[in-house]
Amino acid sequence: MLRVFGELLARLRERLAPAGIEVGDLVVAREVDDLSQRLVRGEVDFVIETVFPTLVLQERSRRLSPALVVVRRGQREYRSVFFTKRDGPIRSLADLRGRTLVLQVPRSTSAFALPKAELERAGLSVGPADNGTADRHHVRYVLALSEINQAVWVLHGRGDAGAFNDGDWTALPDRIRSQLRVFHETRPVVRGLLSFRTGVEPRVRRLAEEALASLDEDEAGRAALAAAVGVTRFEPLTAADRQELRGLATVLRPGGSAR
Amino acid sequence: MRVGGIGARYAAWISTLALVLLATALGAAGVIAFRESRLVQEEIHGAVAAARAADEDAALRGTGRYLARHLFNALYQLDVERLNEEIEQVRGWLPIESFLVLDRDRRVLTDGTTENARYGDPFAEELPSEAGALQILRRGSATEMRFVVATGGVVAGWGVVTLAEAPWQASLRRLEARTTDLWAGRRASLLSIGAVACAVTLGLGLLTALRLSRSLARPLTEMSRAAGEIAAGNLDQPLTLDSPDELGDLARSLNRMAGNLRAHEDALRAERSDLAAKNAELERFTYTVSHDLKSPLVTIRGFAGLAVDDLAKRDVERVRHDLERILAASEKMEHLLQDLLELSRIGRVANPAEDVPLGTVAQEAVELVRGTLDRGGAEVEIAKDLPVVRADRRRLLEVLQNLVENAAKFTAGCPSARIEIGVRSGSGEPVFYVRDNGRGIEARFLERVFELFEKLEAGSAGTGVGLALVRRIVEAHGGRAWAESEGPGRGATFCFTLPQRGGAAAVPTPAGPPAAGSTATR
């Protein structure tokens, strides 16, 4: 990971050095809690994460402010799709009442948090399958650890439906995808977020944002971005993006199931 | 071969280089042989292991049991991702042609690929039903293995694995591949070692060449420079190369050659200078002689003409007077010619040098001019400490005779006329002198008195050759002659030096005409 982001950091150093800004080291945090504590201690100045972990960090540390959208592999935003067996009875989210939804892992935005938020927006209560809830209106979920497992579990009856992002849906083996059917899509959310610690000096933040947003303007910058897990560019957050994030923050209420 | 010579040095260097090359080659061969032996050992161990594994069915059963147990959790949990990872690992050690994992409905759950193209296909063929059971089917060179994936009576599904070849064939193939890899590695090793050996050899070769070129080229360059200097006429920069070999010999020869050339050049320069001086002297001599000989001729012609006229007038007295003048002019001319002849002899006739007691010679000289001395009334004093000198006795007598005669002339009529012949110490050499208290010489004439036919007093007796003769003889002996005087009326001293005894064995014979300067009588 250090190597993956190393080039990006080097380019950033080059661009901020003339302004007298020294870029520190890269920190790879194992868990959200670890990162949250580092934010609180002021050890980290900006964070690159997907939407859900960003919202969790924001909630826990109270010291994080999203600034830029991370466009990955040309994709600025994605959405989660709900799928079921091609010949299955489920046609809408409402049909999931009393059924089992196969999700991936709690830290996933598109394969856990977003589907869960979507169900809750739709007025459905969601909870793990093993908590003994027998409410027939309750949507139970099981965790399959990977997208391919989610799909296979649905086909093998371990769950009635699954949910992950539209990119993973496209990447499913044809033989499997052909036996499934998408019955619902969420609204799009941004692919990732670059957020600054709130204590960072405004001038530094402004210059860093400008430097990051302009990295894709030259070949070396584009190469550094591509090396960093396929980032295409950083774009400023729009008002619509912020509105959507606020909405998600309200619905997700992070801190519950997410680690 | 000369010890320390170039040949010996070459031999030493080349031997060193050859030894280094040999050592490098032996080292490389040693490394290769060592590696070879290790690799062969590994091969043998592998072959033995493969032979042990030749009990194919037993091996397959073992593999089946392992897979049945190992795949259970992933298959039971329908964890396709993990199953794919397991299959990928198995492909690393078995020649897998296909690997199907069937679920409890005997449908394909995964074929281990990302595409999973056979997902959901029913497996219609017979499968073992009991946990631990294993079917082995031979299909040409391929072998198919079917086993139940079960633990503790719980069946999670089945595995159907097709091996592209028998395990022993796979072993052989792996062995072959391994051998190929080994050979490739060996080749790479050889290339690496060869490259290193080449680099080392090249480096050492370069160093050797550098040292050789320094060792050889430096003296050669130095000699080339020195030869250039010699060619340019600069003979004062000897080669400093002090080498015991042929180059040193050459350098020493060059130095000797330069020294000889320098000596020759100095001699030539001296001779050239001498020749130039003599040429100038000859020019002056020719001019002086022609001028001085012309004078009596003019007299003779003039009085001959007068005699003719006087004869016509029959004036016998006048004719006699004319003829007497003609005779006088003829005598003068004869004297001039005799003196010139004497002067020229000095340059042509060499008498052997001998030890000459100067006092005795001085006494002889005084006796020879006694008449003149007596007429002038001068007293002569000869110092008693006059040494014995190495000289041409006859010429030395001429010197002293001329000087005493010259002194007698210029003291004639002077009161208390006195002439001293003596010796005094000069700058490291004795200076002989003839001193008088006569009429003296103006400073501006001190040098001129030695010029040929030069007479400071026009009416004085003599031809003006005497002092020129003195200087000529003294210089022919390697000495110097000069005049000293404090001015008119203060007397004069004529000095000369002679080389110390043990010098020249004979009076040298100067080339060229007699000195054109000359003495003159005062």
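Visitor: How many residues of chain A are in contact with chain B, and how many of chain B with chain A?

Guide: Contact means heavy atoms within 4.5 Å. In this predicted model, 13 residues of chain A touch 15 residues of chain B. The model is predicted, with local features needing pLDDT of at least 70, side-chain atom pairs counting only at pLDDT 80 or more, and totals for chains, interfaces and linings using all residues. Residues are numbered from 1 along each chain as its sequence is written, chains are lettered from A and ligands numbered from 1 in the order in which they are written, and side-chain values use heavy atoms, with hydrogens and water left out.

Visitor: What area is buried between chain A and chain B?

Guide: Buried area is the accessible area (1.4 Å probe) that two parts lose on being put together, summed over both. Here the area is about 1200 Å², with 50% from carbon and sulfur atoms. On the chain A side, His156(A), Arg158(A) and Arg175(A) lose the most, together 44% of what that side buries.

Visitor: Which side chains meet in a salt bridge?

Guide: A salt bridge is a side-chain nitrogen of Lys or Arg within 4 Å of a carboxyl oxygen of Asp or Glu. The rule finds one across this interface: Arg175(A) pairs with Asp121(B) at 2.2 Å, N to O.

Visitor: How confident is the predictor in the complex?

Guide: The complex receives an ipTM of 0.78 and a pTM of 0.49. For pLDDT, the predictor's confidence in each residue from 0 to 100, chain B has a mean of 80, and 84% of its residues reach 70 or more.
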